[in-house]
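Please look over the sequence and the model below before reading on.

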Amino acid sequence: MGTRTTGRFVYASATPQAVAAGGSPVFANATVSNGCLENAGNGVIKINRPGLYRVAANFTMVGTAAGAVNVQLLHNGTPVPGAQGAATLAANGYGSVSYETLVTVRCCGGDSLQFEVDAATSMTVAAAIVEKAA
C-alpha cells in the first residue's frame, strides 16, 4: 500500500515573505485532504492522528544580508536530526533548500511541526507536503 497525501502547505509569491531569525514561514495556502492536519496561520502544522509521516519541504530564500541561512524542522519544538538544510546567500541573492524525513506521531496525536530559520531572511517559496506512510 502506498502513501497518501495528508496535507500540502504552501507560500508562493513574487513578493517575499520576511522571516525573522528564530521564526517560521507562514503557509498562505493549506490544502488538507483528510482533516488530520491543521495550520493555524502561524507556521505550525498540527498532526492530530498517530502514525508514521513523511515530511517533504522546499524553501526558496532571498538573502536580507550576506551569509548562511539554515532551515530546521522542529517536531514538538525539538530539532529533528538530519531534517535541515542551509544555503549561503548573497545580499538580495537567491538560494534553495529542500529535504525530506520521517516523523513518528505516537498515541493521541496533537504533535506539531514547524520550520525554523536561524537567520533573518525572506522567502518566495515555502512548501511542505505531509504524507501518512503508516
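This is a predicted model: local features need pLDDT of at least 70, side-chain atom pairs count only at pLDDT 80 or more; totals for chains, interfaces and linings use all residues.

The protein chain has an average pLDDT of 91, and 96% of the residues score at least 70. Within the chain, confidence is highest in β6, at a mean of 97, and lowest in strand β3 (residues 37–39), at 78.

The largest nonpolar core consists of 32 residues, and L73, Y99 and F115 have the most contacts inside it. Among the elements that give two or more residues to this core are β1 (4–19), β6 (67–75), β8 (94–105) and β9 (111–117). The largest share, five residues, is that of β5.

Another place to look is T124, in strand β10. T124 counts as buried because its relative accessible area of 10% is under the 20% cut-off. Apart from neighbours within four places in sequence, T124 is in contact with Y11, A12, S13, P16, T60, V62 and Y94.

Most residues other than glycine have a negative phi. N76, which is not a glycine, has a positive phi near 55°, and N92 likewise has a positive one of about 65°. N76 sits in the loop between β6 and β7, while N92 is in the loop between β7 and β8. With a relative accessibility of 41%, N76 is partly exposed; N92, at 63%, is exposed.

Conventions. Residues are numbered from 1 along each chain as its sequence is written. Side-chain values use heavy atoms; hydrogens and water are left out. A nonpolar core is a set of buried Ala, Val, Leu, Ile, Met, Phe, Trp, Tyr and Cys residues joined through side-chain atoms within 4.5 Å. Buried means under 20% relative accessible area, exposed over 50%, partly exposed in between (1.4 Å probe, protein chains only). Helices (H or I, at least four residues) and strands (E, at least two) are DSSP runs, numbered from the N terminus. Contact means heavy atoms within 4.5 Å. pLDDT is the predictor's confidence in each residue, from 0 to 100.
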